[in-house]
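I opened my notebook to go through this structure with a few simple look-ups. Here is what I wrote down as I went.

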Amino acid sequence: MVKKITVGTIQKYKDNNEKFSVLTAYDYSTAKYLDEAGIDIVLIGDSLAMVALGYETTHSVGIEEMSVFTKAVAKGVQRAMVVTDMPFLSYHTDVSSAIKNCGQMIKFGANAVKIEGFNEHILNVIRRLTETGIPVMGHLGFTPQFLNTLGGYKIQGKTREAAQEILKQAKELEKAGVFSIVLEMIPQDSAKYITENISVPTISCGAGRYCDAQVLVSDDVFGKFSDFKPKFARKYGDMKSLILECAKRFNDDVKSGNFPSEEEIF
Ligand code: KIV
């Protein structure tokens, strides 16, 4: 029997000063391999809007699409915690539709949800979700769903005052009940200051090495997505070349009559 990663495990990692890993997945077999590799949290990120669906921003992805990807990923995972990123407008309008939409993801196999941003409404939503038994991961700093109000892909928390403001928000999220917080595109020193002053684990997404965990988009890690590469992402493989090579060889074999062989026919 595999020991499942829970919110308790995640908190213990921080308390014991042990780093943990988070990668995104959008399909069954990738999720299965990430789980097998020992990744602690598998996130169905709304980044799937760009890397899996070809949209320009995360705004275009909806609850129906997140449901399909959540079902697929959850089926592939045994050990890791499965977290669904709640898409734009799925928790912003009112608390009851937020609970309904987030609860739906739990029914589809997620163990927790991720919610971006900070304001009174979001704090209310987090409180009600945790009361309902739905663990919530927060997300501060650069929050892609607020791209239009933030005015572009800009680093957040650059000054001492800005870092203090994010820390204030993090403390409020913590009080509302989040079990962890993603810090995106924040200078390393600011993220360190925030991490050292809150009790729940922080997860760096371009926020340097002092957070309690690191998250990347798996298609960046595998070298599969090539439209753009964030400065903070590290490419560990070249899946794009591998796919191109396999597809070209198949194409050549079909056209030359080299596929199928004797062993590949009935
Ligand atoms: O959508 C996403 O993949 C994310 C992570 C990279 C934090 O929000």
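Entry 1: How far does a polar side-chain atom of Lys 114 lie from an oxygen atom of the ligand? I looked it up in what is a predicted model, and found 3.1 Å for Lys 114. I then turned to Asp 85, where a polar side-chain atom is also 3.1 Å from a ligand oxygen. For Ser 47, I noted 2.6 Å between an N or O atom of the side chain and an oxygen atom of the ligand. I also checked how much of the ligand is covered: taken alone it exposes 260 Å², and the protein buries 94% of that.

**Entry 2: the shell and the pocket.** Next I listed what surrounds the ligand. Besides Ser 47, Asp 85 and Lys 114, I found Thr 24, Leu 43, Gly 45, Asp 46, His 139, Cys 205, Val 215 and Val 217 around the ligand. I sorted the shell by residue type and got four nonpolar, four polar and three charged residues. Where does the ligand sit? I placed it in the largest pocket.

**Entry 3: the whole chain.** I stepped back to the fold and counted eleven helices and eight strands in the protein chain. The radius of gyration came out at 20 Å, close to the 18 Å that the globule rule gives for 266 residues, so I noted the chain as being as compact as a globular protein of that length. Along the principal axes, I have the C-alpha trace spanning about 65 × 40 × 35 Å.

Entry 4: Is the peptide bond from Phe 259 to Pro 260 cis or trans? I found it to be cis, with omega near 0°. I located Pro 260 in the segment after helix H11, which covers 239–256. My other backbone note is on Leu 89, a residue other than glycine whose phi is positive, near 75°. I traced Leu 89 to the loop between strand S3 (81–85) and helix H5 (95–107).

Conventions:
Residues numbered from 1 in each chain as written. Predicted model: local features only at pLDDT ≥ 70, side-chain atom pairs only at ≥ 80, totals over all residues. Heavy atoms only, no water. Near = heavy atom within 4 Å. Polar contact = N/O pair within 3.5 Å; in protein donor to acceptor, adjacent residues only side chain to side chain. Areas by Shrake-Rupley, 256 points an atom, 1.4 Å probe, with all protein chains shown as cover. 1 Å grid on protein atoms, 1.4 Å probe; cavity = no way out; pocket = protein on both sides within 12 Å on 5 of 7 lines; lining within 4 Å. Sits in = over half its atoms within 2 Å of the grid points. Nonpolar A, V, L, I, M, F, W, Y, C, P; charged D, E, K, R; others polar. Helix = DSSP H or I, 4+ residues; strand = E, 2+ residues; numbered from the N terminus. Rg over C-alpha atoms; globule rule 2.2 N^0.38 Å.
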